[in-house]
Amino acid sequence: MTIGGIIGGILMLSGAAFLFLAGLGLVRMPDLFNRLQAGTKATTLGTLLTLAGAACLRPDWAVKLLLIGLFILFTNPISSQVLARAAHRTGTPQAAGTVDRLAEDREKRP
Amino acid sequence: MVDILIYIAAAVTGIAFLFALYRFLKGPTAADRVVAFDTMTLVTVVFIVIIALAEGRGIYLDVAVIYALLSFLGVIAVARYLERGL
């Protein structure tokens, strides 16, 4: 058991734990925007941690894993932002107690 | 030892996939289903990497790259459609 194997295993387990928490937030959160936050940020971190762990376990795959990680790091925030904008513009129902400053601004300046 | 850690990570990731699948089937609005779909594709990318580690075949990582690309395009297309911009 090498030192790279230990670090890689710990990184992979923590990444899998973050993915589990993302799934749990997807089930438990009250409305779409909370679910969006749980379902995109936590999965980005979990995926990057898992890819780093895989790169520690197999150093000869590190370039390809870095490519996947960079791609996910660039595209996942874009997709979540586009989805949140579409949901807000089409008037998705929000949880009770939400303070929506963007909608207030829209009403003030049409 | 490392093999056992990989299998535990695969099991936990599979539970996350089941949670996302529950939200995909139940989700009240269409955007909920798209969020669940996005989460499921990322979990699947991680699962492909775990399978590549378990099998020891580096060619599977190319599948993960293409899968991430296609899921990004799919989410963007559906979001634009929901916004009536497509």
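Q: What counts as a helix, and what span is expected of one?
A: Helices (H or I, at least four residues) and strands (E, at least two) are DSSP runs, numbered from the N terminus. The expected span of a helix is 1.5 Å times one less than its number of residues. This is a predicted model, in which local features need pLDDT of at least 70, side-chain atom pairs count only at pLDDT 80 or more, and totals for chains, interfaces and linings use all residues. Residues are numbered from 1 along each chain as its sequence is written, chains are lettered from A and ligands numbered from 1 in the order in which they are written, and side-chain values use heavy atoms, with hydrogens and water left out.

Q: How does the span of helix α3 of chain B stand against the span expected at 1.5 Å a residue?
A: Helix α3 of chain B, residues 60-82, has 23 residues and reaches 33 Å from its first C-alpha to its last. The expected value is 33 Å, and the helix is close to it. Just after α3(B), B:R84 takes a positive phi of about 60°.

Q: Which residues of α3(B) are buried, and what covers them?
A: Buried means under 20% relative accessible area, exposed over 50%, and partly exposed in between (1.4 Å probe, protein chains only). The residues B:L61, B:A64, B:A68, B:S71, B:F72, B:V75 and B:A79 of α3(B) are buried. Their cover includes α3 (62-89) of chain A together with α2 (30-55) of chain B.

Q: How do you know whether A:T47 is buried or exposed?
A: A:T47 belongs to helix α2 of chain A. Its relative accessibility is 0%, and therefore A:T47 counts as buried. Contact means heavy atoms within 4.5 Å. With neighbours within four places in sequence left aside, A:T47 is in contact with A:L19, A:I72, B:L42 and B:V46.

Q: Why does B:T39 count as buried?
A: B:T39, found in helix α2 of chain B, has 1% relative accessibility and therefore counts as buried. Leaving aside neighbours within four places in sequence, B:T39 is in contact with A:L26, A:G39, A:T43 and B:A20. The C-alpha atoms of B:T39 and B:Y81 are separated by 19 Å, and the two residues are 42 residues apart along the chain.

Q: What makes the pair A:D60 and A:R58 a salt bridge?
A: A salt bridge is a side-chain nitrogen of Lys or Arg within 4 Å of a carboxyl oxygen of Asp or Glu. The closest N and O atoms of A:D60 and A:R58 are 3.5 Å apart, and the pair forms a salt bridge. A:D60 counts as exposed because its relative accessibility is 56%, whereas A:R58, at 27%, is partly exposed. By this rule the count comes to 6 salt bridges over all chains.

Q: Which helices hold B:D62 and A:K64, and how far apart are the N and O of their salt bridge?
A: The side chains of B:D62 and A:K64 meet in a salt bridge at 3.2 Å, N to O. This pair crosses between chains, from helix α3 of chain B, which holds B:D62, to helix α3 of chain A, which holds A:K64. B:D62 counts as partly exposed because its relative accessibility is 33%, and A:K64 is partly exposed at 32%.

Q: Why is the pair B:E83 and A:R89 said to join two chains?
A: The closest N and O atoms of B:E83 and A:R89 are 2.8 Å apart, and the two residues form a salt bridge. B:E83 lies in the segment after α3 of chain B and A:R89 in helix α3 of chain A, so the pair joins two chains. B:E83 counts as buried because its relative accessibility is 15%, while A:R89, at 48%, counts as partly exposed. A:R85, A:R89 and B:E83 are linked in a network of salt bridges.

Q: What is the mean pLDDT of chain A?
A: pLDDT is the predictor's confidence in each residue, from 0 to 100. Chain A has a mean pLDDT of 88, and 98% of its residues reach 70 or more.
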